[in-house]
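Here's a friendly walk through one protein model, written for someone seeing it for the first time. Have a look at the sequence and the 3D view, then read on.

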Amino acid sequence: MQILLFNTVISWILKKRKYQMEMFIDFPIEAQEEVLYNLLSAAKHTEIGLKYDFDSIKSYRAFADRVPIQRYESIEPMIERARKGEQNIFWPSRIQWFAKSSGTTNAKSKFLPISSEALEDCHFKAGKDMLCLYLNNNEGTELFNGKGLRLGGSSAVYENNDTFFGDLSAIIIENLPFWADMSSSPSQKTALMGEWESKMEAIIRETVNENITSLVGVPSWMLVLLQKVLEKTGKSHILEVWPNLEVYFHGGVNFNPYREQYKALIPKENFRYYETYNASEGFFAIQDRNDSNELLLMLDYGIYYEFIPMNRFKGEDSTAIPLSEVKLDENYAMII
């Protein structure tokens, strides 16, 4: 009875969020302007806010003229100071967590500051929105009658001068709200195991007899897990293990090379695949319709977006434009 009540309440909360999403879909420019001014106001007394005088910025043009486009390497010295425990550099609230991301512009790893607001208002909010969109598109879903099988990457978390760093998935699992932990499998202890083979074995032991209704994870890693599940159980496909499985929420890499392998593993006519665009830097977009190849850019996650037309891309010397000037069918680099 308690589980049924919990599922009913969660479903109601998630569906209510759909109205807010419809608002930023109808008024995207206004939604992004609100994000920009909220960020400038919140950070105006930080080191970076004082440097660029955030308090006096009253328009996008003033922001664009005053705050330069910068690569990670340009602000790395400030991030290193933050990793040593200095506060109020980029953001007023205490920064304890740093997501370690493989470098894309050089061979070094990047350490990205993760505030409590980034976790709550971006990553966790995105998780709720992902479920909200799925629920609204699939009225007969029994998603919450079972659990979601989550599979993160490297889950080791390391301490450095009273701050912590690790893979973003590990940081998220460490800080998961109770409702997300209750509806997920495996346990937090197992999800945070560092050694990959032992972790696979433990996940299979914990989940094989659960009522798994959804999968969440990167396609390459999830594929390995599902194949190991079939090896351990001797079943011919995954629906023989988890007959109520109905959706796979995936992201991180292009899904197309894996699509046919998943169809063979999960031979269900109406099985759903929902794509997300998330990274250590932020959670950016979610597929908002069944069987769609398009993603909805999430405009109220505390991230302000700018865009550089790729035919005019000059790195840090580029001129960016706001969302209001973006045109369909043109290729852009995204600035956050």
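## Salt bridges

Glu260 is exposed, with a relative accessible area of 55%; here exposed means over 50%, buried means under 20%, and partly exposed is anything in between (1.4 Å probe, protein chains only). Before going further, note that this is a predicted model: local features need pLDDT of at least 70, side-chain atom pairs count only at pLDDT 80 or more, and totals for chains, interfaces and linings use all residues. Residues are numbered from 1 along each chain as its sequence is written, and side-chain values use heavy atoms, with hydrogens and water left out.

What does Glu260 pair with? Glu260 forms a salt bridge with Lys263, and their closest N and O atoms are 3.8 Å apart. A salt bridge here is a side-chain nitrogen of Lys or Arg within 4 Å of a carboxyl oxygen of Asp or Glu. Lys263 is partly exposed, at 44% relative accessible area. Both residues sit in helix 12 (residues 259–265), and because they are three residues apart, about one helical turn separates them. Helices (H or I, at least four residues) and strands (E, at least two) are DSSP runs, numbered from the N terminus.

Helix 4 (residues 60–66) has a pair of its own: Arg61 and Asp65 lie there four residues apart, about one turn of the helix. Arg61 is partly exposed, with a relative accessible area of 40%, whereas Asp65 is exposed, at 59%.

| Salt bridge | N to O distance |
|---|---|
| Arg61 and Asp65 | 3.8 Å |
| Lys263 and Glu260 | 3.8 Å |
| Arg289 and Glu294 | 2.7 Å |

Elsewhere, salt bridges that share partners tie Arg17, Lys125, Asp129 and Asp300 into one network. How many salt bridges does the structure hold? The count is 17.

Three of them make an open sheet in the order 13-12-14, with antiparallel pairing. Two strands count as paired if DSSP finds at least two bridges between them. Strand 13 (321–322) and strand 14 (332–335) are the edge strands, each pairing on one side only. Strand 12 (residues 306–309) is joined to strand 14 by four bridges, and these two run antiparallel.

## A nonpolar patch

On the surface, Tyr277, Leu295, Met334 and Ile336 form a nonpolar patch, with about 340 Å² of accessible area together. Patches are made of residues with over 30% relative accessible area and no salt bridge, joining like charges within 9 Å and nonpolar side chains (Val, Leu, Ile, Met, Phe, Trp, Tyr) within 5 Å. The areas come from the Shrake-Rupley method with a 1.4 Å probe, and for residues only the protein chains shown count as cover. One of the members, Leu295, is partly exposed, at 33% relative accessible area. You'll find Leu295 in the loop between strand 10 (282–286) and strand 11 (296–297).

## The cysteines

With a disulfide taken as a pair of cysteine sulfur atoms within 2.5 Å, the count comes to zero. Cys122 is in no disulfide, and the nearest cysteine sulfur, that of Cys132, is 16 Å away.
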